[in-house]
Amino acid sequence: MRRHADDGSRFLFLADRTAGPAEVPARGRELLHDREAEGRLVLPPGEAAVVHGR
């Protein structure tokens, strides 16, 4: 799910509900695990992520 704030900030909310890792195109700062997403983000099964996009 993508959301845009009034100030122009973009957020991508992700959840991997599969039995295997999910690879998602994403660019920005992943906030829950404090890491950079530089074109793609790999989520382990059952994990969630929020990416503050640029």
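**Stop one: the core**

Start by selecting Leu12, Leu14, Val24, Ala26, Ala37, Leu41, Leu43, Ala49 and Val51: these nine residues form the largest nonpolar core. Colour by strand and you'll see that β2 (10–15), β6 (41–43) and β7 (48–53) each put at least two residues into this core. Keep in mind as you go that this is a predicted model.

Now click on leucine 41, one of the core residues. Which residues does leucine 41 touch, leaving aside its neighbours within four places in sequence? Its contacts are Leu14, Ala22, Glu23, Val24, Ala26, Glu30, Arg35, Ala49 and Val51.

**Stop two: glutamate 30**

From leucine 41, hop to its contact Glu30, which sits in strand β4. Buried or exposed, what is glutamate 30? Glutamate 30 counts as buried because its relative accessible area is 0%. Show its side chain and look for two backbone nitrogens: that of leucine 32 is 3.0 Å away, and that of histidine 33 is 2.7 Å away. Beyond neighbours within four places in sequence, glutamate 30 is also in contact with Arg35, Leu41, Ala49, Val50 and Val51.

**Stop three: histidine 33**

Follow that side chain over to histidine 33, in the loop linking β4 (27–30) to β5 (35–38). Histidine 33 has 39% relative accessibility, so it counts as partly exposed. Setting aside neighbours within four places in sequence, select Glu47 and Ala48 to see what histidine 33 contacts.

Methods. Residues are numbered from 1 along each chain as its sequence is written. This is a predicted model: local features need pLDDT of at least 70, side-chain atom pairs count only at pLDDT 80 or more; totals for chains, interfaces and linings use all residues. Side-chain values use heavy atoms; hydrogens and water are left out. A nonpolar core is a set of buried Ala, Val, Leu, Ile, Met, Phe, Trp, Tyr and Cys residues joined through side-chain atoms within 4.5 Å. Buried means under 20% relative accessible area, exposed over 50%, partly exposed in between (1.4 Å probe, protein chains only). Helices (H or I, at least four residues) and strands (E, at least two) are DSSP runs, numbered from the N terminus. Contact means heavy atoms within 4.5 Å. A polar contact is a pair of N or O atoms within 3.5 Å; within protein, one must be able to donate a hydrogen and the other to accept it, and residues adjacent in sequence count only if both atoms are side-chain atoms.
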